[in-house]
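Look at the model first, then read on.

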Amino acid sequence: MSRVFITGMGVISAIGNTTAENHRALIAGNCGITKGANFPSRYAGVLPFGEILIPTSALQEQLRVSDTGVTRTTLLALHAFKEAIADAGLSPSQLMSPDTALVGATTVGGMCLMDQMFDDANKNTGGSDFLSSYDCASVNMFLQAHYKMKGLVNTINTACSSSSNAILYGARLIKNGFAKRVLVGGADSLSKFTINGFNALHILSPEICAPFDRDRQGLNLGEGAAFLVLEGEDVPRREEAPGHRKVYAELTGYCNTNDAYHPSSLSGDGPYLAMKGALQSAQLSEDRIDFINAHGTGTENNDEVESRVMLSLFGTPPPFSSAKSNIGHTLGAAGAVEAVYSILNLVHQEIYAGLNFKEPIPATGLRPVQAYQKMSLEHVMSNSFGFGGNCTSLIFSKA
Amino acid sequence: MFYIHQATCISPQQTFSGTKIDLSREYESVDNRMKVLEPPYPDIPDNILRRMAKAVRMGVGTAIPLIQGAGDHPPAGIIIGTANGGMEESVKFLKQIIEYKEDMLTPGNFVQSIPNAISSQISLLSKNKGYNTTHVHRGLAFENAVLDAAMLLKENPRSSYLVGGVDEIATYHHNLENLAGSYKKEAISSRHLYETDSPGTIAGEGAALFLVNGLPEHALARVRALATIHSEEESVVTRQLQDFLDGHVASGDEKSSVAGAKPDLFLTGENGDNRIAHFYAGCEGILDREIPVARYKHMSGEYPTAIAFALWVACQLVGGALKLPSHMIKRGTVPAAGISPVYKNILLYNNYKGIQHSFMLISRVD
């Protein structure tokens with residue numbers, strides 16, 4: 001089966017609108033979590049969020065999208081998608097080729113427009129422009145149509161592990177011969193829907209989140225999007241050809257499992273099996289992982305379970321941290337955004353600090369990385385665990 | 001691609017294994033809507049059943065007999081396609097948000113609204129810690145679940161997987177689709193769905209799940225190949241069908257396997273919507289005149305994963321468990337009484353809203 005390489009990346013998050021901006025912010029240890037207020041919710045301006053401080057109308061203008069029915073989630077996806085294809089140097093004809101696939105993930109989809117949706121669903125209106133935009137598929141249906149893509153198109157929703165599963169599915173399309181290159185990624189925007197859902201579950205932190213800290217109070221929701229270009233084995237061979245592509249990293253391992261314990265909290269079996277399965281698929285022993293981009297949401301349950309699992313699987317875990325302290329939890333985008341961060345770790349041979357950590361969790365005593373540092377890295381693991389027990393671990397390796 | 005060993009279906013017709021499967025009696029639409037005949041769910045604990053959204057109930061209800069049937073060889077994973085798995089619960093939660101002004105909300109609707117609630121509830125109730133995913137790509141959500149299963153079985157040939165398509169139609173979602181012009185404005189009966197010449201169709205819902213693996217022994221049916229495309233042009237779709245029939249399938253599939261299996265029944269998702277009828281007519285035109293054409297949306301109604309219902313019907317036909325009822329036949333003759341023609345290769349074509357198309361070839365296992 002073909003190896004799978006990452007040849008292009010694009011990302012937009014609360015700490016930057018491009019991969020380069022995100023990279024600079026990670027080095028500087030910037031936190032993009034604010035009490036912003038560009039979305040309609042009573043919690044806007046009250047609770048901290050990893051908000052992208054660009055109004056939807058400005059995004060629409062920047063991206064020159066005049067179509068009706070395009071949601072903020074779709075605009076964020078388009079922003080990251082555009083950067084990724086430009087970065088990989090993909091031509092319009094390559095994008096339209098039947099062997100170029102698109103696998104995107106989202107959990108909010110068009111439900112960032114909850115008020116319109118409520119009016120439409122209750123027939124309070126004659127129908128808004130967004131009738132076909134509320135579902136998750138609307139994001140990738142737009143990208144497919146916009147770029148006239150003819151290959152396989154899919155949308156995945158496994159809650160907070162959605163875009164890690166999009167990466168996994170895209171890689172398998174290449175390995176099984178259903179595509180030569182795949183645009184994989186995810187997008188989610190802040191929505192009254194998720195904000196109130198997580199708030200009703202009492203896991204939104206009133207303060208900026210503190211992953212793995214003893215006194216953590218929950219997570220901050222964020223928004224963002226990231227897309228990666230995955231290509232099969234023939235990519236490196238093109239290097240001698242003019243206009244050759246860069247190869248950022250290789251996706252060497254992945255595993256998807258279910259915790260089968262509770263709809264909204266983890267026991268540990270799912271995360272353990274996902275991390276172990278990813279190591280097995282990469283044919284790596286535990287000691288070969290140099291850094292873990294942890295799921296680390298900052299909730300009571302996740303951080304303790306993830307710590308316990310890292311201890312039982314690795315004995316002494318490698319350095320780890322969570323980017324949730326920079327950008328919040330971007331839900332369906334998190335796996336893809338953090339895949340970009342993991343690849344930046346490898347490309348630049350460096351690790352970024354987890355923010356706001358003070359004291360370790362007494363039961364586990366683990367400390368995330370607390371300062372930017374250069375480090376020799378071969379293999380980085382990235383974890384995503386979601387509601388419904390959906391757990392996925394990915395392993396990226398130095399190209 | 002793979003073999004189907006067991007199949008269950010909850011639909012607007014008498015299809016659930018717990019009752020007697022019978023498609024000869026036609027259950028009709030009411031107010032342009034086909035609602036599933038929900039069975040009792042004796043194996044779901046009451047306290048859990050009470051909290052389940054309908055889509056979750058149907059999904060878990062169809063999964064339980066398959067998991068029980070798998071016995072000592074539990075599936076290695078669960079793959080669900082659902083476009084609107086949680087939309088009804090989402091709007092209920094939104095109603096709470098608005099009524100209580102974002103304060104003091106209960107999370108039940110939110111947790112049930114997540115589309116992966118179906119696959120995760122199945123894994124929770126069966127303690128399945130394997131592969132678990134939810135494809136939500138609207139009219140191709142189930143097709144992506146099928147492709148996922150095909151890839152998993154190539155990667156792990158000795159395993160079996162549970163793969164299914166589930167969608168419900170409920171009030172809020174029905175309202176959205178109605179406003180979008182998806183359903184007919186005039187009231188019709190599903191019996192006359194294909195005689196209408198107007199835009200729109202009738203609403204439907206259902207769940208069809210399949211236990212699949214790579215072994216032909218004792219299989220119900222074989223899924224040979226799958227092709228999907230997004231296009232609004234009939235010529236692109238008919239060209240895709242011609243390529244498919246010629247065996248030009250994605251290189252991940254075995255080409256020769258398709259070219260050698262001439263369809264003897266064309267089962268289409270024609271749905272009475274005169275805006276997209278030309279796609280079906282165009283595809284029928286590609287096939288030899290003697291190949292009979294049958295339809296199923298008058299039994300299932302239209303919904304994004306309705307092709308899972310068609311796959312269930314195709315399994316029953318190639319397996320010989322069902323005779324093709326005359327109300328399904330569009331072109332060709334009704335087999336004489338007493339004679340049960342055994343279809344060897346059934347070609348499925350579905351078209352969701354004139355944009356998302358799929359072809360699937362299902363074969364008898366000899």
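## Aromatic rings and the A–B contact

Phe193(A), Phe198(A), Phe387(A), Phe93(B) and Phe110(B) form one aromatic cluster. The model is predicted. Over all chains, it holds 17 aromatic pairs.

A pair of aromatic rings is described by the distance of the centres and the angle of the planes. Here are the values.

| Ring pair | Centre distance | Plane angle | Class |
|---|---|---|---|
| Phe198(A) and Phe387(A) | 5.3 Å | 25 degrees | stacked |
| Phe309(B) and Trp312(B) | 6.5 Å | 25 degrees | stacked |

Why does Phe198(A) with Phe387(A) count as stacked? The planes stand at 25 degrees, and planes under 30 degrees apart count as stacked.

What does this pair tie together? Phe198(A) sits in helix H8 (residues 192–200) of chain A. Phe387(A) sits in the loop between strand S11 (379–385) and strand S12 (390–398) of chain A. The pair therefore links parts that are 189 residues apart in sequence.

The cut-off for buried is under 20%.

Phe309(B) and Trp312(B) are three residues apart in helix H12 (residues 307–318) of chain B, so about one helical turn separates them. Both Phe309(B) and Trp312(B) are buried.

One ring in chain B has a charged partner. Arg295(B) lies over the face of Tyr194(B), 3.8 Å from the ring centre.

Now the contact between the chains. Chain A puts in 64 residues and chain B puts in 58 residues. Together, chain A and chain B bury about 5400 Å² between them. Of that area, 62% is on carbon and sulfur atoms.

How many salt bridges are there between chain A and chain B? The count is five. In a salt bridge between side chains, Asp148(B) meets Arg172(A) at 2.7 Å, N to O. Across the interface of chain A and chain B, 28 residue pairs are in polar contact.

Which element gives the most to the side of chain A that touches chain B? H8(A) does, with seven residues. Other elements of chain A that each supply at least two residues to this side include helix H7 (162–175), strand S6 (249–258) and helix H10 (269–282). H8 of chain A also carries Phe198(A), a member of the aromatic cluster.

Conventions:
Residues numbered from 1 in each chain as written. Chains lettered and ligands numbered in written order. Predicted model: local features only at pLDDT ≥ 70, side-chain atom pairs only at ≥ 80, totals over all residues. Heavy atoms only, no water. Phe/Tyr/Trp six-rings, centres within 6.5 Å; stacked < 30°, edge-to-face > 60°. Helix = DSSP H or I, 4+ residues; strand = E, 2+ residues; numbered from the N terminus. Buried < 20%, exposed > 50% of the residue type's maximum accessible area, 1.4 Å probe, protein only. Lys NZ or Arg CZ within 6 Å of the ring centre and 35° of its normal. Contact = heavy atoms within 4.5 Å. Buried area = accessible area lost by both parts, 1.4 Å probe. Salt bridge = Lys/Arg side-chain N within 4 Å of Asp/Glu carboxyl O. Polar contact = N/O pair within 3.5 Å; in protein donor to acceptor, adjacent residues only side chain to side chain.
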